[in-house]
Amino acid sequence: MSETRFTEQHEWVRVEGGEGTIGITRYATEQLGDVVYVELPAIGKTIAKGAEGAVVESVKAASEVYAPVGGTVTAVNEALGADPAKVNSSPEEDGWFFKIKLTNAAELSQLMSEDKYVEYVKGL
Amino acid sequence: MSLPTISGDRGLDHEEKLIFELGRAGVTGVDLSDVKVSDARLSGLRRRGTIGLPGLSEPEAVRHYVRLSRMNYAIDAGLYPLGSCTMKHNPRLNEKLARLPGFADVHPLAPQSTVQGALALIAELMRWLTTLTGMPAVAMSPKAGAHGELCGILTIRAAIEARGEKRTRVLVPESAHGTNPASATFAGFTVDEVKAPPEGRVDLESLRGKLGPDVAAFMLTNPNTCGLFERDVLEIAAMVHKCGAYFYADGANFNAIAGRVRPGDLGVDAMHINLHKTFSTPHGGGGPGAGPVVLSARLAPFAPLPLLVHDEKGFRLIENRADVPEGAKPFGRMCAFHGQMGMFVRALAYMLSHGRDGIRQASEDAVLSANYVLASLKDVMSAPFEGPCMHEALFDEHFLHGTGVTTLDFAKVMIDEGYHPMTVYFPLVVHGAMLIEPTESESKESLDRFIHVLRTMALEAKAGKKERFEGAPRLAPRRRLDETAASRKPVLRWKAPDLPKAAE
Amino acid sequence: MRYLPLTKDDRAAMLARIGAPNVDALFRDVPKSAEAPLSGFDLPEVQGEIEVERTLSQMAARSTAAEAGPFFCGAGAYKHHVPAAVDHLIQRSEFLTSYTPYQPEISQGTLQYLFEFQTQVALLTGMEVANASLYDGSTAAAEAVLMAQRVTRRPKAILSGGLHPHYAETVETVANLHGKVVRAPVVPGRAEDLAAMIDNDTACIVVQSPDVFGMLHDLAPVAEAAHTKGVLLIAVVTEIVSLGLVEPPGHQGADIVAAEGQSIGNGLNFGGPYVGLFATREKFIRQMPGRLVGETADVDGRRGYVLTLSTREQHIRRDKATSNICTNSGLCALAFTIHLSLLGDEGFARLARINHARASALADRLAQVKGVSLITPSFFNEFTLRLPKPAAEVVEALAAKGILGGVPASRLLPADPAARDLLIVAATETNTDEDVAAFAKALTEVLS
């Protein structure tokens with residue numbers, strides 16, 4: 001069973017077997033516009049919850065992507081190098097950014113569920 | 001405009017290939033009699049193979065660049081209302097004088113006895129800059145506004161170190177030019193943004209909350225980037241000084257107050273002056289500029305090398321730390337040599353031409369023209385702040401709400417109307433900002449025509465005539481360009497067509 | 001005032017529309033205590049063209065122009081011939097009086113020439129990509145070191161002793177804030193062992209060739225030593241014409257090239273404005289400072305150019321930008337690219353050969369003067385002589401004879417006793433046989 005959780009900064013994390021896959025939401029991509037580049041973390045890097053994990057760039061903006069939960073980077077989505085447009089076309093599937101091995105799974109409980117996030121976005 | 005032509009050109013508008021497509025190997029537009037050279041002194045490093053530079057004969061080169069020039073908008077050709085950029089007239093006398101051999105054909109390391117005229121010019125410009133700003137000293141070497149900011153912040157850093165203190169934070173208002181936080185970071189400080197309140201001016205309480213013993217400087221643009229004078233500036237300076245920090249002023253908007261207000265009287269410790277804005281050295285498609293920094297007495301000793309002194313033997317440049325006069329502790333060097341001499345000549349020619357009365361009149365006319373634009377448009381466009389403004393009038397996208405027209409569309413239609421757009425989406429503190437700086441160089445007729453065009457555009461947008469806004473411009477050498485593609489797969493140089501292009 | 005179009009009546013009508021009684025009312029936010037009366041500025045009043053021209057012409061006449069006599073100064077700024085077409089073209093209104101090309105639809109002229117410029121710089125230096133220029137060579141070198149610190153995430157920069165001392169000081173001023181700069185000893189006319197200075201903290205090695213004494217250096221060995229330890233090689237070139245005759249840094253393993261482009265298209269201007277060239281490898285483009293122009297297409301599919309990768313820059317990235325730089329050296333870059341287009345491969349290589357030939361002939365002639373020796377075994381168009389007297393005194397004595405005979409090394413290295421008797425001499429295509437003879441004669445007289 002996987003579950004997806006969301007942050008107020010529009011990151012999502014999907015956890016399967018102690019590993020979290022992280023990306024940004026469709027709402028975030030709509031605000032950013034066409035993504036032209038994603039700067040990904042180094043594999044093996046430890047990132048604390050809320051610390052900068054990646055940078056996503058459109059033509060006129062660069063935004064930090066913060067780790068929704070803390071952990072050690074186990075994989076990055078190399079395909080974004082050649083095709084950053086995946087972030088726009090499939091933000092919550094093919095357009096994932098990086099995976100981390102969670103340090104503390106309890107941090108997940110501080111994040112929003114999908115229903116809560118949908119409601120949160122409606123209020124923006 | 002859709003009429004096709006055989007050539008692809010249209011009347012006076014010509015398409016133009018790249019030099020790499022026009023030039024041919026073996027062609028040259030410079031006649032030089034060839035010589036043979038031995039390898040004896042080349043240490044085995046003689047170049048192998050050709051470089052691949054295309055050559056053009058002189059007529060081909062002249063035609064190529066003249067055709068390219070015709071694809072550019074220019075202040076000489078029309079009103080250029082780019083807020084924050086100060087696109088005023090560039091007098092041609094200044095170009096002529098900058099080319100005098102005694103300034104233009106002088107080597108920076110020629111014996112100082114042979115360059116007294118060039119040094120005298122720098123000294124005279126320094127006198128004008130310090131007198132106009134009411135500041136005792138000026139560092140001349142910074143090559144642009146941002147370089148001047150860096151110089152000012154490094155001067156502050158040195159002064160703090162000399163006091164034996166460690167201060168790590170620089171405060172910058174949210175509305176500041178991007179160069180401010182970038183320069184402070186470049187100089188090794190942490191940037192802390194001061195929130196912009198809805199009134200468009202610095203909120204004293206927010207500033208007070210941020211000040212502390214670890215604050216090195218507060219950077220403020222005044223008039224600010226919303227086109228407003230910071231009326232609490234004296235109190236701001238006092239607060240900043242009280243906590244032991246320095247007051248840095250971004251002089252980008254000095255052109256609104258030159259000849260009327262001396263930054264030294266406002267408590268400023270350091271301010272760069274964009275000679276290419278206030279003193280009209282040409283922008284040249286994005287440079288070169290010059291950014292001398294005026295300094296308060298507290299900061300003056302830390303000014304970078306070189307220093308210029310005058311003694312019984314005449315003017316003398318002090319280029320090395322070993323030779324500095326008593327009390328001087330230069331923080332370092334901003335660049336090789338002595339600064340942007342070519343810009344200095346132009347700026348001084350501008351100052352001498354205007355005189356103190358003309359400089360004051362220019363500032364007043366710039367402010368008057370901006371207020372005229374504001375007063376003439378604020379009923380149909382939306383101005384986020386009450387006037388009077390200083391040298392630029394700020395509007396936001398509020399008046400376009402519900403029209404389907406964006407600030408960008410509005411700006412691009414101006415191109416079809418024969419104008420360069422105003423600055424858009426800056427300052428960031430206003431939604432869909434449109435910042436208009438007409439400058440003192442426009443006649444009333446020119447301003448009236450501009451106002452008429454913008455009023456009509458605003459009314460058309462509100463009337464739902466959005467077709468012409470969508471996808472504008474249509475009448476320019478190019479229509480909207482695909483910036484996304486340019487960023488995703490950067491092609492930064494030409495490559496021969498049989499080779500794959502860069503990054504592909 | 002000839003530059004101000006508004007008349008008294010215009011101003012009155014404008015104030016009426018604004019609803020302000022006078023212009024002072026528009027300045028009402030300025031504290032009264034901060035307003036200065038006109039008499040508060042001890043400066044002259046408005047002047048006509050005739051007066052201004054007279055004043056500045058008289059001032060200019062107090063300097064000796066390079067063209068006034070035999071001229072041999074270099075050390076980072078060189079007197080070359082600039083074709084008349086160059087200065088004519090850069091004064092086209094549309095180039096001279098336009099702003100940064102932020103509106104690409106009406107700035108294709110600037111954008112296209114910058115794209116051409118970037119390509120020329122990449123070709124010349126033998127690198128993959130180049131930016132649209134920086135302020136000058138010294139600031140380009142400083143930016144290169146900061147970039148190397150970012151790329152390698154290491155603090156230390158090693159500067160060759162042959163790096164122009166002004167460049168070294170410029171680098172130190174900014175790079176010491178983010179790391180540590182170490183300068184190798186100055187050994188005029190000799191090769192250095194920079195590889196031995198590399199340690200685990202080293203981000204880059206900065207080598208200038210031809211160096212400040214004019215000597216050529218083979219960069220390949222130091223590049224190899226650097227690369228085996230993950231260190232970047234930054235090559236500095238202050239005389240870009242040299243690349244018409246010698247191998248470019250990109251073919252010798254340089255990772256970044258920072259160069260001064262003044263020699264092509266631009267005059268001496270007493271030190272500025274010049275044009276900084278900056279080239280590197282494709283994989284580092286997102287770490288580059290400065291503006292970049294890229295090719296793209298408009299909505300009708302026509303080829304066009306835009307400023308690109310702007311998210312590196314200060315106006316978007318603010319405190320996280322790769323540099324605080326906001327301008328390039330546009331018009332100087334235009335002069336450079338026009339001059340280079342006129343030269344082409346053929347003309348550029350020929351120009352370089354002429355420079356080397358002139359300098360060789362001059363070096364041979366001056367080395368025959370009693371007590372004078374040539375200390376740079378290899379060089380392009382600039383070399384260093386050891387004199388039997390302090391070089392600064394000799395230069396002054398030569399100047400009194402109407403000859404600007406080079407730059408004394410002591411002017412750049414005042415604390416180095418070994419520099420005292422060294423004279424750095426440059427020759428270019430502008431020097432004639434008569435100049436060479438006059439220099440040799442004057443030097444003989446001054447030294448006898």
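Author: Sorted by class, the residues lining the largest cavity are seven nonpolar, five polar and two charged. Here Ala, Val, Leu, Ile, Met, Phe, Trp, Tyr, Cys and Pro count as nonpolar, Asp, Glu, Lys and Arg as charged, and the others, Gly among them, as polar. This is a predicted model, in which local features need pLDDT of at least 70 and side-chain atom pairs count only at pLDDT 80 or more, while totals for chains, interfaces and linings use all residues. Residues are numbered from 1 along each chain as its sequence is written, chains are lettered from A and ligands numbered from 1 in the order in which they are written, and side-chain values use heavy atoms, with hydrogens and water left out.

Reader: What volume does the largest cavity have?

Author: About 120 Å³. A cavity is a set of points on a 1 Å grid over the protein atoms alone where a 1.4 Å probe fits but cannot get out, and lining residues have an atom within 4 Å of a point. Points are joined across faces, edges and corners, and the volume is the space filled by probe spheres set on them.

Reader: How many cavities of 30 Å³ or more does the structure hold?

Author: The structure has 11 of them.

Reader: Back to the largest cavity: which residues lie nearest its centre?

Author: His147(B), Leu150(B), Phe186(B), Thr139(C) and Val174(C), out of 14 lining residues. At least two lining residues each come from α6 (145-162) of chain B and from α6 (137-152) and α7 (165-178) of chain C. Helices (H or I, at least four residues) and strands (E, at least two) are DSSP runs numbered from the N terminus.

Reader: Now chains B and C. How many residues of each are in contact?

Author: 209 residues of chain B and 196 of chain C, where contact means heavy atoms within 4.5 Å. Chain B and chain C bury about 17700 Å² between them, and carbon and sulfur atoms give 61% of that area. Buried area is the accessible area (1.4 Å probe) lost on putting two parts together, summed over both.

Reader: How many salt bridges cross the interface of chain B and chain C?

Author: The rule finds 19, taking a side-chain nitrogen of Lys or Arg within 4 Å of a carboxyl oxygen of Asp or Glu. Glu319(B) and Arg411(C) form a salt bridge, at 2.7 Å from N to O. Helix α10 (residues 341-377) of chain B gives the most to the side touching chain C, with 26 residues.

Reader: And chain A with chain C, how much area do they bury?

Author: About 650 Å², 47% of it on carbon and sulfur atoms. The count there is one salt bridge. Glu57(A) pairs with Arg286(C) in a salt bridge, their closest N and O atoms being 3.6 Å apart. β6(A) gives the most to the side of chain A that touches chain C, with four residues.

Methods:
On a 1 Å grid over the protein atoms alone, a cavity is a set of points where a 1.4 Å probe fits but cannot get out, and a pocket is an open set with protein on both sides within 12 Å along at least five of seven lines; lining residues have an atom within 4 Å of a point.
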